Structures are given as C-alpha cells and as structure tokens.
Amino acid sequence: VDRAAEELAIPTPRAPWLDELPALVPLDVVLRGFRPPTGRWSVPIGELDDPQRQRQDTVAVDLEEGGGLLVYGAAGSGKTTVLRTLAAAALAATPGDVVLLGLDFASRALRCLVGLDACAGVSTGDDLEAVTRMLALLEREVARRRELLSGTESLSAHLAAGGSALP
C-alpha cells in the first residue's frame, strides 16, 4: 500500500484499524474522556481496545450497579496497581464523595493511600487488631447505610429524592 501510494504520488491511506493503545495510559487521559452515566456511581480505571467494533473507550467500574469490585490474581499480576488506580480515579472523578479504607494482606503497597485526605486507614494482614477494627467499622457502616437507603431503589434514587449524601 505504501509503495503504491508513493508510485501514484498520493498520500498513504489511513490504516483500516485504530492505533494500538499505549502500554501505559495516564489517569488524566482516562479521566479526560470519561462521561459517567447520569446518576450512576461509576469510576474510570483504564482504556479498552475493541478492534472488532473499531472502538476504543474508557473502562469504568459501576459501583452502584455491581455493588463493588473483586480484584484477585496471583502475585505480581497487578492487583495492587488496580486498587491504587481505582482509588486515584475515584478521588479524581468524585472528589469529596469518597472515603477509602484498605485491607492489605500482601505487599503493603496500599500504605501509600494513608497520606490522602480521603483515606480513613489501611490495615495490614499482620495487625489482626487493626483488621478486626476496620471490619467492624465496615459492618456498622453497611448497617447504617442499609437503614438510610431502605425504601429506595439505589443510592442515586435516594439522592434524587433529596436524601442526604453518604461519604
């Protein structure tokens, strides 16, 4: 194609596929193109490439629809990177609406979140007392929110009806 375009003295035509995504996509690039669904608690975490549909788009986790996110994998598979990215994206996309709590049972690499204003704490697996306190706190918070949100379909519906915001 390149040789034919050169022989005909015409510009090389655009490839019929999108450019490959870079190996690393900075969070500000991910956030720039992100438009959350109206009324949803969705957090952007990366970019996807769908060559069959000739589409590249933002990957987001809809925390309201799914109720949470489970991250698992073998050592070195990127679990901590996903969790730190999710924390940074949540804080950037919805500042003031996020409180972070971390349970780190492996690398202790989530300790870097402790310096953030929105981080209530990170407990490590070798501190059973701290882990127990954090799990008890989470259990109380879930019960409190269950009570506050009873009678509404979702957090978005609660807020749309004039309900108080939940950090």
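Predicted model: local features only at pLDDT ≥ 70, side-chain atom pairs only at ≥ 80, totals over all residues.
Residues are numbered from 1 along each chain as its sequence is written, and side-chain values use heavy atoms, leaving out hydrogens and water.

So which partners does E141 have? E141 makes a salt bridge with R144, with the closest N and O atoms 2.7 Å apart, and another with R145, also with 2.7 Å between the closest N and O atoms. Through shared partners, these salt bridges join E141, R144 and R145 into one network. The rule here is a side-chain nitrogen of Lys or Arg within 4 Å of a carboxyl oxygen of Asp or Glu, and by that rule the count is eight salt bridges. E141 and R144 are about one helical turn apart because they sit three residues apart in helix α5. Both arginines are partly exposed, R144 at 37% and R145 at 25%.

Now, the largest pocket, which holds about 1500 Å³ of space. For a pocket, we take a 1 Å grid over the protein atoms alone and look for an open set of points where a 1.4 Å probe fits, with protein on both sides within 12 Å along at least five of seven lines; lining residues have an atom within 4 Å of a point. The volume is the space filled by probe spheres set on the points, which are joined across faces, edges and corners. What lies nearest the centre of this pocket? Of its 36 lining residues, those are L63, G68, V99, L138 and R145. Helix α5 gives the most to this lining, with eight residues; helices here are DSSP runs (H or I, at least four residues), as are strands (E, at least two), numbered from the N terminus.

Finally, the surface: V99, L101, L135, L137 and L138 form a nonpolar patch with about 370 Å² of accessible area together. Patch residues have over 30% relative accessible area and no salt bridge, and nonpolar side chains (Val, Leu, Ile, Met, Phe, Trp, Tyr) are joined within 5 Å, like charges within 9 Å. Areas come from the Shrake-Rupley method with a 1.4 Å probe, and for residues only the protein chains shown count as cover. Helix α5 again gives the most, three residues, while L101 sits in strand β3 (residues 100–104).

Note on methods:
Buried < 20%, exposed > 50% of the residue type's maximum accessible area, 1.4 Å probe, protein only.
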